[in-house]
Amino acid sequence: MRFQSRNMNYIFNIEYYEKIDIPKPGQKADEDMEKEIKKRNKEIEQFSFQGNEIPAAELENCAYEKRYSYKSFRLYTRYPGLLTGIGYPHDIKMKEAVKCGFLFDYVTGLPYISGSTVKGMLRSFFPGDNKSSEVSQAYEAYIKGLLQKGEHFGLQGLKEDLFEYHDRFLGAYPDAENCEKGILKMEYITPHETFKDPNPISILKVQPNVPFVFRFLLTDYKIGDKVVVSADEKLKLFQKLILDMGIGAKTNVGFGRFSERRTSKNYEVRV
């Protein structure tokens with residue numbers, strides 16, 4: 001079977017399952033069906049996103065256009081790649097089938113990192129939000145160091161300006177037109193349980209060296225008429241946080257890490 005749609009969101013969540021005889025509980029999957037699943041996995045890996053453009057950063061009205069400054073930066077996925085949306089359901093009881101979901105844009109079909117995910121990740125490294133005093137102090141020192149602000153600089157006002165009032169987080173999309181190779185790749189993770197054999201789980205990832213464009217609508221942070229942290233300084237802060245901390249699932253084992261340039265080699269990985 002060759003997929004008919006040109007939208008990977010539809011392919012992954014609808015076409016992937018079509019004409020597959022899913023085994024009932026306790027039954028073994030048909031060998032031909034397992035082979036068909038392997039073929040579909042390979043088609044996903046070979047899928048070309050050429051022509052799928054990053055959605056335009058459309059402003060809601062003219063007042064927004066005057067108030068906000070559109071800002072963006074480009075980063076490249078690092079080995080072993082990026083996982084996003086793996087908590088969504090995508091599971092059939094077949095050995096080779098993709099067992100976890102993935103986040104694709106509904107309209108373009110591009111894999112992406114939602115604006116809410118970017119916002120939540122960035123906010124998580126600011127003090128407060130029920131963190132312990134020790135952790136909050138460490139994050140406060142870290143953020144102030146990145147901003148090159150003295151110890152008397154108050155972060156609470158900036159935090160509210162960023163995440164409560166003014167700025168908009170548009171999410172991150174791959175620049176498909178400038179990918180040297182494909183975007184998606186099959187991957188396996190192996191949860192280990194005590195006294196049990198390892199059970200590899202097949203998942204989907206964005207492979208290394210894929211350029212992602214992170215986009216924002218930002219304002220200068222002011223106290224009175226004085227600009228305390230400019231929109232450009234906010235952008236640099238966001239970029240540094242993502243480079244330092246990563247984003248997406250399983251950053252603790254290396255996924256979701258980025259670099260400012262392509263790496264020299266595009267390694268395969270099995271975790």
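Student: How do you know that the span of helix 7 is close to the one expected?
Tutor: Happy to show you, and keep in mind that this is a predicted model. Helix 7 covers residues 231–245, which is 15 residues. From first C-alpha to last it reaches 21 Å, and 21 Å is also what 1.5 Å a residue leads one to expect. The expected figure is 1.5 Å times one less than the number of residues, so the two values can be set side by side.

Student: Which residues of helix 7 are buried, and what comes just after the helix?
Tutor: The buried ones include Ala231, Lys234, Leu235, Phe238 and Ile242. Just after helix 7 comes Gly246, with a positive phi of about 80°.

Student: What makes the buried residues of helix 6 lie on the same side?
Tutor: In helix 6, residues 155–165, the buried residues are Leu155, Leu158, Lys159, Asp161, Leu162 and Phe163. They cover an arc of only 160° around the axis, and therefore sit on the same side of helix 6. Their packing partners include helix 4 (115–123), helix 5 (133–147), strand 2 (168–174) and helix 7.

Student: What makes a group of residues a nonpolar core, and how many residues has the largest one?
Tutor: The members must be buried residues of nonpolar kinds such as Leu and Phe, joined through side-chain atoms within 4.5 Å. The largest such core has 65 residues, and Leu122, Leu184, Phe214, Phe216 and Phe258 have the most contacts inside it. Helix 7 gives the largest share, seven residues. A second, separate core has seven residues, among them Leu83, Cys100, Ile203 and Ala249. As background, nonpolar side chains tend to be buried together in soluble globular proteins.

Student: Which residues does Phe258 touch?
Tutor: Leaving out residues up to four places away in sequence, Phe258 touches, among others, Leu75, Tyr76, Ile113, Phe212, Phe214, Ile242 and Ile247.

Student: Why is Ser259 called buried?
Tutor: Buried means under 20% relative accessible area. Ser259 has 14%, so Ser259 is buried. Ser259 lies in strand 8, residues 258–259. Beyond its neighbours within four places in sequence, Ser259 is in contact with Leu75, Tyr76, Arg78 and Leu243.

Student: How do you know that the side chain of Ser259 makes a polar contact with Arg261?
Tutor: The cut-off for such a pair of N or O atoms is 3.5 Å. The side chain of Ser259 reaches the backbone oxygen of Arg261 at 2.5 Å, so the pair is within the cut-off.

Student: Why are strand 2 and strand 8 called edge strands?
Tutor: Four strands form an open sheet in the order 2-5-1-8, with antiparallel pairing. Strand 2 and strand 8 each have a single partner strand, so one side of each has no neighbour in the sheet.

Student: How do you know that strand 2 and strand 5 pair?
Tutor: Pairing asks for at least two bridges. Six bridges join strand 2 to strand 5 (residues 211–218), so the two strands pair. Gly171, for example, has Arg215 in strand 5 as its bridge partner.

Note on methods: Residues are numbered from 1 along each chain as its sequence is written. This is a predicted model: local features need pLDDT of at least 70, side-chain atom pairs count only at pLDDT 80 or more; totals for chains, interfaces and linings use all residues. Side-chain values use heavy atoms; hydrogens and water are left out. Buried means under 20% relative accessible area, exposed over 50%, partly exposed in between (1.4 Å probe, protein chains only). The arc is that of the directions from the helix axis to the C-beta atoms. Contact means heavy atoms within 4.5 Å. A polar contact is a pair of N or O atoms within 3.5 Å; within protein, one must be able to donate a hydrogen and the other to accept it, and residues adjacent in sequence count only if both atoms are side-chain atoms.
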